[in-house]
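Biologist: Please take one part of this model and go through its charged side chains closely. I would like to know what pairs with what, and where the partners sit.

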Amino acid sequence: MPLPDREIIELVRLSCVDVPEGSARLARSFYDNLFEMVPSVRGMFAADIKPQQQRMADALLSVVRHLDDPDEVAHHLRSLGRQHHRELGVQPDHYPYVGRALVRAVSEVSPTWTSSMSSAWVLVYQWVTAQMLAGAEGDDVPPTGRRHAQPRAQERPQEQPREQAPGRAQERPQDLSRNQAPGRAPAGATGRRAR
């Protein structure tokens, strides 16, 4: 599945422009929506979900910022999909719920939210899901369903630094792995309410 075009990506970015990095409100809203829709997934997470909320918000906003480098983001998302499958037992039927919870959460915290942004999030989330499922499908290790595992070291060798465009953050998509804990559900898209 190809990454949506630049206009779609810019709408997604615009929806997040006023969402501060590490937004506890975004993450809290995401998990509240997810657990309301699918109470059975609550057991995949630690009792104290606050650290996970922080990692989720940081990772989501970082993915949105780095969509200009889709190959690198895709590699990271496939690794996450493999990790979520192996360590949590995340299944393909979980992804639509995660998507709806994500779009609801962003719509609740974005002061500039529009129905066009909702559609853009759905398209970007479909691409994210395709990458994560590709990683999970390539995983030949059966799921353990364990929680609270410690993050593992990166799965690929460190690349040589590239020159950054002026004004761009030095963070790279593979830096997201430090924000991801195995005890988290994938980031997601579609809205509960029509706008």
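Modeller: Glu 10 is partly exposed, with a relative accessible area of 34%; buried means under 20%, exposed over 50%, and partly exposed in between, using a 1.4 Å probe and protein chains only. The model is predicted, so local features need pLDDT of at least 70 and side-chain atom pairs pLDDT 80 or more, while totals for chains, interfaces and linings use all residues. Residues are numbered from 1 along each chain as its sequence is written, and side-chain values use heavy atoms, leaving out hydrogens and water.

Glu 10 forms a salt bridge with Arg 6, at 3.1 Å from N to O; the term covers a side-chain nitrogen of Lys or Arg within 4 Å of a carboxyl oxygen of Asp or Glu. The two are four residues apart in helix H1, which puts about one helical turn between them. Helices (H or I, at least four residues) and strands (E, at least two) are DSSP runs, numbered from the N terminus.

Arg 6 also meets Asp 68 in a salt bridge, at 3.2 Å from N to O. Asp 68 lies in the loop between H3 and H4 and Arg 6 in helix H1, so this pair ties together parts that are 62 residues apart in sequence. Asp 68 is partly exposed, at 38% relative accessibility.

Arg 13 forms a salt bridge with Asp 68 as well, with the closest N and O atoms 3.3 Å apart. Arg 13 belongs to helix H1, so its pairing with the loop residue Asp 68 ties together parts 55 residues apart in sequence. Arg 13 counts as buried, at 16% relative accessibility. Through shared partners, the salt bridges join Arg 6, Glu 10, Arg 13 and Asp 68 into one network. The structure holds four salt bridges.
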